[in-house]
Amino acid sequence: MTPDALADIHRQCFTTPRPWRAEEFVELLDLDSVFLCPRPNGFIVGRIAGPEVELLTLAVDPGERRKGTGKLLLMEFEKAALSRGAEDAFLEVSDANTAAITLYRSFGYRESGVRKDYYLSSSGKRSSAFVMTRRLVSG
């Protein structure tokens, strides 16, 4: 998946925070700690930091939602993270993004904190972010 294609899907999915540009994907994916799990209609970007992996973004083409792509991407993300030595995963998600929260909860992610008024929309409205975590390995 090209940086332009990543940016296009991201733009269709996010207005808050602003969507990432192709150049930002190029810079990010050039880092050794960052990895991409692509599918034809979506992707996940993750970053390894020691024994942790951060889910940086998950985007699925709006016309392809509710078809299992997000679930497949999250499974691929966790498998890739484990293969890179991650033991724990974390992410942040807008408290207004109920579909994503439901997906993450179904995988065992739980809220571990709240970043109050974290996101600012283009209309000036603020929303909070849930920080969610999950243990990937037992121990």
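**Figure 1. Lys67 in the loop between β3 and α3.** In this predicted model, Lys67 occupies the loop that runs between β3 and α3. The residue counts as exposed, with a relative accessibility of 54%. The side chain of Lys67 forms a polar contact with the side chain of Glu64, at 3.3 Å.

**Figure 2. Arg66, a residue with positive phi in the loop between β3 and α3.** Arg66 is found in the loop between β3 and α3. The phi angle of Arg66 is near 65 degrees, a positive value in a residue other than glycine. Arg66 counts as exposed because its relative accessibility is 83%, and the threshold for that class is over 50%.

**Figure 3. Asp117, a residue with positive phi in strand β5.** Asp117 lies in strand β5. Although Asp117 is not a glycine, its phi is positive, at about 55 degrees. With a relative accessibility of 33%, Asp117 counts as partly exposed.

Figure 4. Thr57 has its place in strand β3. The residue counts as buried because its relative accessibility is 5%, and the buried class lies under 20%. The side chain of Thr57 makes a polar contact with that of His10, at 2.9 Å. Leaving aside residues up to four places away in sequence, Thr57 touches His10, Phe14, Trp20, Phe43, Ile44 and Val45.

**Figure 5. The largest nonpolar core.** This core holds 25 residues, of which Val53, Leu74, Phe77, Tyr104 and Tyr109 touch the most other members. Two or more residues come from each of β1 (34-39), β2 (42-49), β3 (52-60), α3 (69-83), β4 (88-94) and α4 (98-106). The most is given by α3, which supplies five residues. Apart from this core lies another, of eleven residues, including Phe25, Val34, Phe43 and Ala59. In soluble globular proteins, nonpolar side chains tend to be buried together.

**Figure 6. Contacts of Leu74.** Leu74 is one of the residues that touch the most other members of the largest nonpolar core. When residues up to four places away in sequence are not counted, Leu74 touches Ile44, Leu55, Leu103, Tyr104, Phe107 and Tyr109. Among these contacts, Tyr104 and Tyr109 are likewise named with Leu74 as touching the most other core members.

**Figure 7. The largest pocket and its lining.** The largest pocket has a volume of about 1,000 Å³. Its lining comprises 36 residues, and the closest to the pocket centre are Phe14, Leu58, Asn97, Ala100 and Tyr104. The elements that give two or more residues to this lining are α1 (3-13), β3, α3, β4, α4 and β5 (110-120). The largest share, seven residues, comes from β3. Tyr104, listed here among the residues closest to the pocket centre, also belongs to the largest nonpolar core.

**Figure 8. Cys13 and Cys37, neither of which is in a disulfide.** The count of disulfides comes to zero. For Cys13, the nearest cysteine sulfur is that of Cys37, 16 Å away, and Cys13 is in no disulfide. Cys37 is likewise in no disulfide, its nearest cysteine sulfur being that of Cys13. The pair is not counted because the sulfur atoms of a disulfide must lie within 2.5 Å. Cys37 is buried, with a relative accessible area of 6%.

Terms used
Residues are numbered from 1 along each chain as its sequence is written. This is a predicted model: local features need pLDDT of at least 70, side-chain atom pairs count only at pLDDT 80 or more; totals for chains, interfaces and linings use all residues. Side-chain values use heavy atoms; hydrogens and water are left out. A nonpolar core is a set of buried Ala, Val, Leu, Ile, Met, Phe, Trp, Tyr and Cys residues joined through side-chain atoms within 4.5 Å. Buried means under 20% relative accessible area, exposed over 50%, partly exposed in between (1.4 Å probe, protein chains only). Helices (H or I, at least four residues) and strands (E, at least two) are DSSP runs, numbered from the N terminus. Contact means heavy atoms within 4.5 Å. A polar contact is a pair of N or O atoms within 3.5 Å; within protein, one must be able to donate a hydrogen and the other to accept it, and residues adjacent in sequence count only if both atoms are side-chain atoms. On a 1 Å grid over the protein atoms alone, a cavity is a set of points where a 1.4 Å probe fits but cannot get out, and a pocket is an open set with protein on both sides within 12 Å along at least five of seven lines; lining residues have an atom within 4 Å of a point. Grid points are joined across faces, edges and corners, and a volume is the space filled by probe spheres set on the points.
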